[in-house]
Amino acid sequence: MKAKKITLIYVYFAAINFSMYKKTLLFALLILGLYSCKNSTHQDLDYERIKEEVMNDNATTVTVSDTTNMFDGAAYDPEKDSFYVYLDSLQSIYENDSAMVRKAGLKDSNLLTKDASLDSTISNKKDSFSAEIKKMTAEEIKALKYNLKQLHDADSILKTTSVEKNGRVDSRVWARVSKKDQRLYLYIDGKIVDTFKVSTGSTRHETPTLDMQPNGPIFQKYTSKKYPGGNYNGLGNMPYVVFIRGGYAIHGTTRGNIPRLGNKASHGCVRIHPDNAKIFNELVRKAGLENTWVTIEE
């Protein structure tokens, strides 16, 4: 009888332990599942592959010789003037272009009604766009749609997609800009993968020190049909821009300013070579603003 009681007690505790084991196992699987779901939205940031695709596209460099853009003009001070007035103006221009595309009856104009969500492709396979509306390619229409979506979502991009980050520690893409070195040091998942020459603000227009998640928006290269060529209204003079805070941004520079990279020269933005801007823009698009961090240090 005693042996039987001991056996029942053993079975009882074994059952409890097994139940606790199952609960622990289920809890662990649940956590793993949630972690997997959280990271399933992260795209593969294969830096060498992205860089190779960009460098193999011989049309990535800016083809205009202009040396200035709206943010370098004397009429605009990124520290004092309203950045949102500029965005409103830009939105009107893009909407005008959209109307022109529809009016022209382009076979790809249905792209303007499709969702402009981020995809896994390089931003634009070709950057040399025609100034003639009827010669617009599907890639250019996609860029127009994407830029419009960025403008429409400008007030809510981070509110709807971000999770509070612990600085660069939790961010997949980290751009560390040294004003002393005039260099951008690029990190992916905590490892340095590249470094680019930059031009930060001149002595009269110093780039502020920053340590933050960029606010956006992010823009693809696109040349407005209303203002073709290098006109800033089509972002021709500042391709692949990632706005950090207000009018301060990291963007590709123009051919006329490429020789000045490595020296202070801008009106406050961080200029980089247009090829490097395309690489950085693509990484930010893939990782998301919520997984990107920018540090600008002395």
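Modeller: The account begins with the overall layout and then turns to the rings, the sheet and the loops.

The model is predicted, with local features requiring pLDDT of at least 70 and side-chain atom pairs counted only at pLDDT 80 or more, while totals for chains, interfaces and linings use all residues. Residues are numbered from 1 along each chain as its sequence is written, and side-chain values use heavy atoms, leaving out hydrogens and water.

The chain contains six helices and eight strands, where helices (H or I, at least four residues) and strands (E, at least two) are DSSP runs numbered from the N terminus. Their order along the sequence is α-α-α-α-α-β-β-β-β-β-β-β-α-β. Of its 298 residues, 47% count as buried, meaning under 20% relative accessible area, with exposed over 50% and partly exposed in between (1.4 Å probe, protein chains only). Contacts are heavy atoms within 4.5 Å; among those in the chain between residues at least 6 apart in sequence, 74% join residues at least 24 apart.

I come now to the rings. Phe, Tyr and Trp rings (for Trp, the six-membered one) pair if their centres lie within 6.5 Å, and planes under 30 degrees apart are stacked, over 60 edge-to-face and the rest tilted. This rule gives seven aromatic pairs. One of them joins F83 and Y84: with ring centres 5.7 Å apart and planes at 65°, the pair is edge-to-face. F83 is counted as buried because its relative accessibility is 5%. Y94 and F219 form another edge-to-face pair, so classed because their planes meet at 80°, with centres 6.4 Å apart. This second pair links distant parts of the chain, 125 residues apart: Y94 belongs to helix α3 (residues 83-104), whereas F219 belongs to the loop between β4 (210-212) and β5 (242-245). Y94 and F219 are both buried. Taken together, ring pairs connect F83, Y84, Y86, Y94, F219, Y222 and F243 into a cluster.

The loop that holds F219 also holds P217. The peptide bond leading from G216 into P217 is cis, with omega near 5°.

Strand β5, at the end of that loop, is part of an open sheet of three strands, ordered β5-β6-β7 and of mixed pairing; strands pair if DSSP finds at least two bridges between them. Strands β5 and β7 (270-272) form the edges, each pairing on one side only. From one strand to the next the twist averages 15°. Three bridges join β5 to strand β6 (residues 248-252) in the antiparallel sense, and V242 has I250 of β6 as its bridge partner. Helix α6 (residues 274-287) packs on this sheet and touches β5, β6 and β7, its direction making about 120° with that of β6. Axes here are lines fitted to C-alpha atoms, for helices over the stretch in contact, and angles run from 0 to 180 degrees between N-to-C directions.

Leaving aside residues up to four places away in sequence, T200 touches V177, K179, Q182, T207, N263, K264, A265, S266, C269 and V270. One of these neighbours, Q182, makes a side-chain to side-chain polar contact with T200 at 2.7 Å; such a contact is a pair of N or O atoms within 3.5 Å, one able to donate a hydrogen and the other to accept it, and residues adjacent in sequence count only if both atoms are side-chain atoms.

Q182 itself lies in the loop between β1 (173-178) and β2 (183-188) and is buried, since its relative accessible area is 4%. Although not a glycine, Q182 has a positive phi of about 55°. D189, likewise not a glycine, has a positive phi of about 50°. D189 sits in the loop between β2 and β3 and is partly exposed because its relative accessible area is 45%.

The C-alpha atoms of E297 and V177 are 6.2 Å apart, although 120 residues separate them along the chain. At 26% relative accessibility, E297 is classed as partly exposed.
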